[in-house]
Amino acid sequence: MKKQNAQNALTPTGATGALAGKKHPLWSEMKKNRSLFLMLLPALLLVLLFKYIPLGGIVLAFKDYRYDLGIVGSPWVGLQNFKFFFLSGTGLRVTVNTIVYNAANLITSQLLSLVLAVVLNEIWGRRFKKIIQSVSFLPYFVSWILVGAFVYNIFNVDNGVLNHFLVALGHDPINLYAMPSAWFFIIMIFNSWKWVGYNSVVYIAAITGIDSECYEAADIDGANVWQKIWRITLPSIKPTVITIVLLNVGRILRGDFQMFYQIVGRNGQLYDATDVIDTFVFRSLASGGDIGMTMAATLYQSVLCFIIIVGVNALVKKIDSDYALF
Amino acid sequence: MKRNTHTAISLLLALALVVSLLCGCAGGAPSSVSSAAPAGSTAGEASSAPGALEEATLVMYVIGGEPVGFPDMLVEFNKLLKEELNATLEVNWLGFADYLTQYPLLLSSGDPVDLIYTATWTNYYQEARKGAFLPLEELGPQYAPKTWAQITDAAKFQATVGEHVYAIPSGKDTYSAWGIAARGDLMQKYGVDPITDWAGYEAYMDAIKANEPNMQPSGVYADGKQQDDVVALSRGYYPLTGSTGSPYWIDPSQEHPTVFFVTEYPEFQQDLAMYDRWAEKGFWPADALANQDSTMQETGKSASQIHNVDWWRDLCILRPEWDFQWYEMTNHVEIQSAMQDGMAIPTSAKNPERALMLLEKLRTDPRYYDLFVYGIPGVHSNILEDGTVEALNPDVFPLDSCGWGFRTNELTRLPTGLPDSYGKAVESLKNSVKENKYRSFFMDTDSIKSEYSAIQNIMSQYYTPLVLGMTDPVAGMEEINKQLEAADNEKVKAEIQRQLDEFITKWDAGH
């Protein structure tokens, strides 16, 4: 009885077709599954309230916002609000930086997570496995503010761990804060360090879901570890990998603000190499509090995000339509 | 049967979720609806006849972190307020970490706010221009007559935006004195003469560098890099933002000053060579911009800091054993713009009249001011016979944590335990004050905001590393000039010059 009920609930559209002839299909659908729709209501309301209604605020990107005139009454200013972003070529530089950093971070951290998950799956000792998993997960709980303090204590010229080490080995100390190109790698390393354990959880779950009979069959056929990974594990979790990559590509223009801001701070020497859209916009607008300009920058980011995610999805669809998100 | 119970339970659960969601939303509605209930005749023997006043709830916003003991004080304060003005005050705090974003958000949300702290550094002029505050020329004299009379003409001029006065500037003079706070004990130990000029400062830092290997001679760090500003100030120039970090400066001694970018003053190359030499000598580390430690001087990690007289006062109280000395370096002390602090009535105010009456009490009645700013007598602080105030529990209730907007020269008290030299220094500052009309000039960057924001970016990205000797002086200057051209520096300069000319005409007509 219970099981049947659950099945019924999971396929709400199953039997409604028969009733459709008499009444309006939507109405009868709603009536039949009213409890399900009622359960859906809070989520729908939330999405409507926090995702759709605020979209109206986009008009502010084209207005000179005044408190006493409100959103509707404020005067239009055309593309004026976008100007600060593109003046003197900074907009292009930070956009390129954002995409390069996020693409590199996406690839390194996801690749490492995948490797970690596969390796953990092959490890026999249960205890050892747990320890590795916990240790790799821990950095996720460390806030970027603390990481910023670590970074300064490792790399600063006078008292940094790195320079003490170099001096002890008889080398000259180096000032990484004057070497912008090094920060691409420093940021990438810290990003992976922080996210590897967390990201690997999804892959571990996907690997656990693989039918163990496949591995048993492979064992009987005499496959070695590498063959099993290459022929069974990786193909089985391919859809998971693609979904995760697609979801993360959508965030590619939203640099992890906390990470960049806490690691780099207000150090002008590194801006050329480390400025991403979010940090640049924050710095430019934090002191002015200009709502129109902030909205313009956000709109620019969102439109680019939209283009990228639709583009990547189309690419995936072209290669293998089963894996596309939509 | 069983199925029915299931449905009923799931229905109930869903309903509960929806209800809780809706409740959650409703909770966000304006909580401070002023109760329109007629007050009747409340017990009021006080002077201002509260019987005539309807009961009101006032909402006030200040900037800072709320002290633990603040709610206790507010209970006492509200007893007084209820009796005399028939009002209840609610104080909300915008934290230092996010006031820059919260402040405009609060004003744009339309939530009723009756009284709010405002200042140049919370973008008073920009917000007023956007219609955030009520004009006060009529309300002010009517509901806060004594306060209105306290505001000097210059202060009124400084609080004027367009046609109207939108704020009541604080009545306490603050001085634009910048100087060097140095360790008196170390100066004595290594036989360094009192500092009178930049060469003297260099000699002091040389002595520290030679004798104290674990101490940073200067106080330069990520947020403490005002030395180039103070050097320019000591040469007699004036920053048009009125504070440090200004991209544009003038020479106030000229009959009709010309606006210039900070690197364009005649002696700049000479000063740049000095910064470069200081960096070379290791007065600050090559990665000083990555250092976020603002407490270096009080913890003994740095031997000096270029800062104002308040900074030095705090050091004296924190570390009396190090005998901190302070040497004024700008050679022309000025009273800062009155809009350094002030209070305004937002357009969304429900009770602007009552808010002004409260402000009048806070600015002219010591009972109100002492309680609000120094806390409950005997619990949070004691007011001594000499008029100074002694904090009894600074962790629970620090002195003057939120009263900057309505301070006056008359009611403000000095903390107990300051060295005699502090009083002398302040006295000599007061005596050497010079008038500078350009303190009343406000640079309006609204019409050039894109270019100005690009210029500010140049300041942090190229100018700061240059004056800290982190980039090569020649190549660094070339880069800055190239960037300035791309950001349309000439256009910005022309616009500011136009505003300055307009200001001079207006000022000369009025004085």
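Lys493(B) is buried in this predicted model, because its relative accessible area is 14%, where buried means under 20% relative accessible area, exposed over 50% and partly exposed in between (1.4 Å probe, protein chains only). The side chain of Lys493(B) meets that of Glu264(B) in a salt bridge with an N to O distance of 3.0 Å, a salt bridge being a side-chain nitrogen of Lys or Arg within 4 Å of a carboxyl oxygen of Asp or Glu. This pair links distant parts of the chain, 229 residues apart, with Glu264(B) in the loop between strand S10 (260-261) and H11 of chain B and Lys493(B) in helix H18 (residues 489-510) of chain B; helices (H or I, at least four residues) and strands (E, at least two) are DSSP runs, numbered from the N terminus. Glu264(B) counts as partly exposed, because its relative accessible area is 36%.

As this is a predicted model, local features need pLDDT of at least 70 and side-chain atom pairs count only at pLDDT 80 or more, whereas totals for chains, interfaces and linings use all residues. Residues are numbered from 1 along each chain as its sequence is written, chains are lettered from A and ligands numbered from 1 in the order in which they are written, and side-chain values use heavy atoms, with hydrogens and water left out.

**Other salt bridges**

- Over all chains, a search of the whole structure finds 31 salt bridges.
- Glu202(B) and Arg277(B) form a salt bridge in which the closest N and O atoms are 2.8 Å apart; the pair links distant parts of the chain, 75 residues apart, with Glu202(B) in helix H9 (residues 198-211) and Arg277(B) in helix H11 (residues 268-280) of chain B.
- Glu202(B) counts as buried because its relative accessibility is 9%, while Arg277(B) is partly exposed, with a relative accessible area of 39%.
- A salt bridge also joins the side chains of Glu479(B) and Lys482(B), at 3.9 Å from N to O, and both residues lie in helix H17 (residues 473-486) of chain B, 3 residues apart, or about one turn of the helix.
- Glu479(B) is partly exposed at 25% relative accessibility, whereas Lys482(B) is exposed, with a relative accessible area of 55%.
- A network of salt bridges links Glu84(B), Lys361(B), Asp365(B) and Arg367(B).

**Helix H10 of chain A**

- The 27 residues of helix H10 (residues 182-208) of chain A should span 39 Å at 1.5 Å a residue, which agrees with the 38 Å between its end C-alpha atoms; the expected span is 1.5 Å times one less than the number of residues.
- H10(A) bends by about 45 degrees at Val196(A), the bend being the angle between axes fitted to the seven residues ending there and the seven starting there.

**Surface of chain A**

- A nonpolar patch on the surface, with about 780 Å² of accessible area together, is formed by Leu46(A), Val47(A), Leu48(A), Leu49(A), Phe50(A), Tyr52(A), Ile53(A) and Leu55(A).
- Ile53(A) lies in the loop between helix H3 (34-52) and helix H4 (70-73) of chain A, and counts as exposed because its relative accessibility is 54%.

- Gly69(B), in the loop between strand S1 (56-63) and helix H2 (70-85) of chain B, counts as buried because its relative accessibility is 0%.

Notes. Patches are made of residues with over 30% relative accessible area and no salt bridge: like charges are joined within 9 Å, nonpolar side chains (Val, Leu, Ile, Met, Phe, Trp, Tyr) within 5 Å. Accessible areas come from the Shrake-Rupley method with a 1.4 Å probe; for residues, only the protein chains shown count as cover.
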